[in-house]
Amino acid sequence: MPAEELIGKLDGLGSEFAQALVSLSSEQDIRELQAQFLGKKGRVSALMREMGKLPPDTRRVVGAAFNRVKDGIAGAVDGKLDELVKVAEAADLERTIDVSLPGRVRSAGHVHLLTQVRNEAVAIFGELGFEVAEGPQIENDFNNFEALGFAKDHPARDEQDTFFVDDGKLLLRTHTSPVQIRTMLSQEPPIKIVAPGAVYRRDDDPTHSPMFWQIEGLLIDEQVRFSDLKGVLLHFVKRYFGEDLDIRFRPSFFPFVEPGAEVDMQCSFCTDSDSSKCRVCKGTTWVEIAGAGMVDPVVLTHCKIDPERYTGFAFGMGLERMAMLRYGVSDIKNFYEGDMRFLTQF
Ligand code: FA5
């Protein structure tokens, strides 16, 4: 083959390569095309072998043409690969950053419903002059039971099935009443406190939990009467549950009060026309909200307070019970499960 023809064919291959390259869009296809032209068995290499047959004086020109075509192909491949990288990057940017999308707002969260109930209860009793007192959740037997009149074998202990710690010397307090003892042992009357806090019992059903919250109230002064207890609790019920609700006392036994009572309030879920179907009060129109009573003189004596001079009342309410009654929550577990669909409603 004469030199001119060889050069013409070489240039033809260069153009053919350039045309074929235009439609390719993957590195693999490009490399394959490159191999078809420049590989050992490629079309350009086949023509190279023809060069050996040429007279020596023409080989230089033909050699230069080979280099031009080879460089042209290599340059076109690099250019095409760069182009593919840029296209891929642009597609990536397009996908991950859309500056026109609205931002995602993180919700700020809010105070848990039970904390709201506690804060509100503390505020209402605060209006009446009660201050907040606190005690530890791990208590000793004396404060939780003994000083409150639950002697070692007293059957009333059975109702507060207890989690013991440290071989029974310490326990998870079963009610907030030990804060009464702590306060009376550390303060002179007049005493006027509320003590909210977590308490523990071996209880577990839709209205009872092994850990729950109570708020205790204690007022010790000269000439405190049962009617004062009634006035305080009535004020609380009207402020927290509704102005038109009444309360009633049913005689009951707690070893640290005498007389003792369960406090009921009128059911706020009953309609006037038909209360028999009410699932909250079971048709009785009353719901229990607290235990209460006049502080037993024996307890005052235990705490070195003169029962001849001072009298007082105490009460204890369940905070979950209050929340359930006010918001119509039927399962106590809702408070602790952390399900945002429940919690964000309040
Ligand atoms: C007491 O705990 C007494 N310390 C209350 C008291 C204080 C009486 C001062 C007299 C003077 P009781 O066991 O009834 O009483 O509990 C009081 C309230 O706690 C109940 O009315 C109920 O609302 C709530 N409660 C009791 N057990 C549970 C439980 N396992 N889960 C949730 N709430 C409970």
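Gly217 stands opposite Phe315 in strand E10. This pair belongs to the contact between E6 and E10 (residues 311-318), where 8 bridges join the two strands in the antiparallel sense. The model is predicted.

**Strand E6 and its neighbours**

E6 covers residues 211-221. Of its 11 residues, 8 are buried, and the strand is mostly covered. E6 also pairs with strand E5 (residues 191-200). That pairing is antiparallel too and runs over 10 bridges. One of the facing pairs is Tyr200 with Met211, the latter in E6. Strands of a sheet pair through backbone hydrogen bonds, either parallel or antiparallel.

**The sheet as a whole**

Where do these strands sit in the sheet order? The sheet is open, has 7 strands and reads E1-E5-E6-E10-E9-E8-E7. Its pairing is mixed. Strands E1 (131-132) and E7 (247-252) form the edges, each pairing on one side only.

On the E7 side, a hairpin of 4 residues joins E7 to E8. The two strands run antiparallel and share 6 bridges. Pro251 has Ala261, in E8, as its bridge partner.

E8 (residues 257-266) continues the sheet to E9 (residues 286-295). These two strands are antiparallel, with 8 bridges between them. Val263 is partnered by Ala290 in E9. Gln266 stands opposite Trp286, also in E9.

| Strand pair | Bridges | A facing residue pair |
|---|---|---|
| E6 and E10 | 8 bridges | Gly217 and Phe315 |
| E5 and E6 | 10 bridges | Tyr200 and Met211 |
| E7 and E8 | 6 bridges | Pro251 and Ala261 |
| E8 and E9 | 8 bridges | Val263 and Ala290 |

**Two residues in helices**

Asp141 lies in helix H6 (residues 141-144). Is Asp141 buried or exposed? Asp141 has 12% relative accessibility and counts as buried, because the cut-off for buried is under 20%. Beyond its neighbours within four places in sequence, Asp141 is in contact with Glu146, Lys152, Arg157, Lys169 and Leu171.

Thr301 belongs to helix H9 (residues 297-302). Its relative accessible area is 49%, so Thr301 is partly exposed. The cut-off for exposed is over 50%. Thr301 and Leu185 are 116 residues apart in sequence. In space, their C-alpha atoms are 10 Å apart.

**The whole protein**

The protein has 11 helices and 10 strands. Its radius of gyration is 44 Å, well over the 20 Å that the globule rule gives for 346 residues, so the protein is more spread out than a compact globule. Along the principal axes, the C-alpha atoms fill a box of roughly 135 × 55 × 35 Å.

How much of the protein counts as buried? The share is 40% of the 346 residues. The protein exposes about 19600 Å², and carbon and sulfur atoms supply 52% of that area.

Among contacts with a separation of 6 or more, 66% join residues 24 or more positions apart.

The protein carries 40 positive and 54 negative charges.

Methods:
Residues numbered from 1 in each chain as written. Predicted model: local features only at pLDDT ≥ 70, side-chain atom pairs only at ≥ 80, totals over all residues. Heavy atoms only, no water. Buried < 20%, exposed > 50% of the residue type's maximum accessible area, 1.4 Å probe, protein only. Pairing = 2+ DSSP bridges. Rg over C-alpha atoms; globule rule 2.2 N^0.38 Å. Contact = heavy atoms within 4.5 Å. Areas by Shrake-Rupley, 256 points an atom, 1.4 Å probe, with all protein chains shown as cover. Lys, Arg positive; Asp, Glu negative; His and termini not counted. Charge placed at Lys NZ, Arg CZ, Asp CG, Glu CD.
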